[in-house]
Amino acid sequence: MKYWRETLAVTRRILTELLRRRRSLIFWSIFPISVLILSGFILAERAELPIADAFAYSAPSTLVGAALFFSCLGGTVSTIVAEREQQTLKRLFLSPLSGTSYFFGIFLAHSFIGIGQTILIYTIAAFWGATFRGAILLGIIIILLSIAAYVGLGFIFGTQLARRIEDVNALVAAFGVPLLILGGAFLPASLFPKSLVNIAQYNPIYHMNEALVAVSSQGEDINKIMPHFVFLLVFALVMVVAGWLSYKRMLIVERRL
């Protein structure tokens, strides 16, 4: 119960700070909404799809590519770097708050943001007639695995690569944008040449996107997406463990400074 109370307290503090600033939450809403609307109308026009089908296809790609990537990965990196610059970790060592609770508090806060973005994206897609055609529980599992993978990777970047808040945008852009394009977040992977499809097999965003698109817009079951699902499951577990180890290593370094 002690860890649970401390985790919720850290989560509440981070979400409260974001609500006070509002700017990040507004941008994290405007960007995916814009991508969703543009993608939906472009697909409807160029692929000659009904508007409902176009938005049904665009929603999952927008969610994993535009929404969760920048809020759960970029947001986690920003939070960790900001906490280090503000000496929050130094104060942590002087308080009874455990490092474990702090880790899971940050994790849970950005998970809540990701869940909120999921509701936002699918609500807007439903406005144009899109529906979730597959098993909702399977879709939720894919979304939660994607959130876990992004947040875990955010801990690795935030603790090992980014040192200042200015590093965040450069880091996310350098690693993220090419992976998003190769993952089919902005262009359907069906348009890729075979050489790029072969490379995309090693891109976790590609598997997130393909799994969620298949379940959400095509109504596929888990048997049809098994290779994507297994890759995503293993990647999410590895990222959470690696993120935890990176976080513990950062705490050791911070104690020495």
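**Notebook: cores, a helix pair and selected residues**

I began with Leu 73, which touches Leu 68, Tyr 150, Leu 153, Gly 154, Phe 157 and Val 172 when residues up to four places away in sequence are not counted; contact here means heavy atoms within 4.5 Å. I note that this is a predicted model, in which local features need pLDDT of at least 70 and side-chain atom pairs count only at pLDDT 80 or more, while totals for chains, interfaces and linings use all residues. Residues are numbered from 1 along each chain as its sequence is written, and side-chain values use heavy atoms, with hydrogens and water left out.

**Cores**

I then looked up the largest nonpolar core, which has 61 residues, and found that Leu 63, Leu 73, Ile 142, Tyr 150, Phe 155 and Ile 225 touch the most other members. At least two residues of this core come from each of the helices H1 (2-21), H2 (23-46), H3 (51-85), H5 (99-127), H6 (136-160), H7 (166-182), H9 (204-218) and H10 (226-256). A separate, second core has five residues, including Leu 182, Ala 189, Phe 192 and Ala 200. For both I used the definition of a nonpolar core as a set of buried Ala, Val, Leu, Ile, Met, Phe, Trp, Tyr and Cys residues joined through side-chain atoms within 4.5 Å, where buried means under 20% relative accessible area, exposed over 50% and partly exposed in between, with a 1.4 Å probe and protein chains only. Helices are DSSP runs (H or I, at least four residues), numbered from the N terminus.

**H3 against H9**

I next took the pair H3 and H9, which pack at an angle of about 145° with their axes 8 Å apart; the axes are lines fitted to C-alpha atoms, for helices over the stretch in contact, and angles run from 0 to 180 degrees between N-to-C directions. On the H3 side I listed Ala 56, Tyr 57, Pro 60, Ser 61, Leu 63, Val 64 and Phe 69, which meet Ile 205, Met 208, Asn 209, Leu 212, Val 213, Ser 216 and Ser 217 in H9.

Also in H3 is Ser 58, which counts as buried because its relative accessibility is 2%. Its side chain reaches the backbone oxygen of Ala 54 at 2.9 Å, and, leaving aside neighbours within four places in sequence, Ser 58 is in contact with Leu 36, Ser 39, Gly 40 and Leu 43.

I found Arg 133 in the loop between H5 and H6, where it is partly exposed, with a relative accessible area of 41%. Apart from residues up to four places away in sequence, Arg 133 touches Asp 53, Ala 56, Val 215, Ser 216, Ser 217 and Gly 219. A polar contact of 2.5 Å joins the side chains of Arg 133 and Asp 53; I took a polar contact as a pair of N or O atoms within 3.5 Å, where within protein one must be able to donate a hydrogen and the other to accept it, and residues adjacent in sequence count only if both atoms are side-chain atoms.

Finally, in helix H10 I looked up Met 226, which is partly exposed with a relative accessible area of 34%, and His 228, which is buried with a relative accessible area of 16%.
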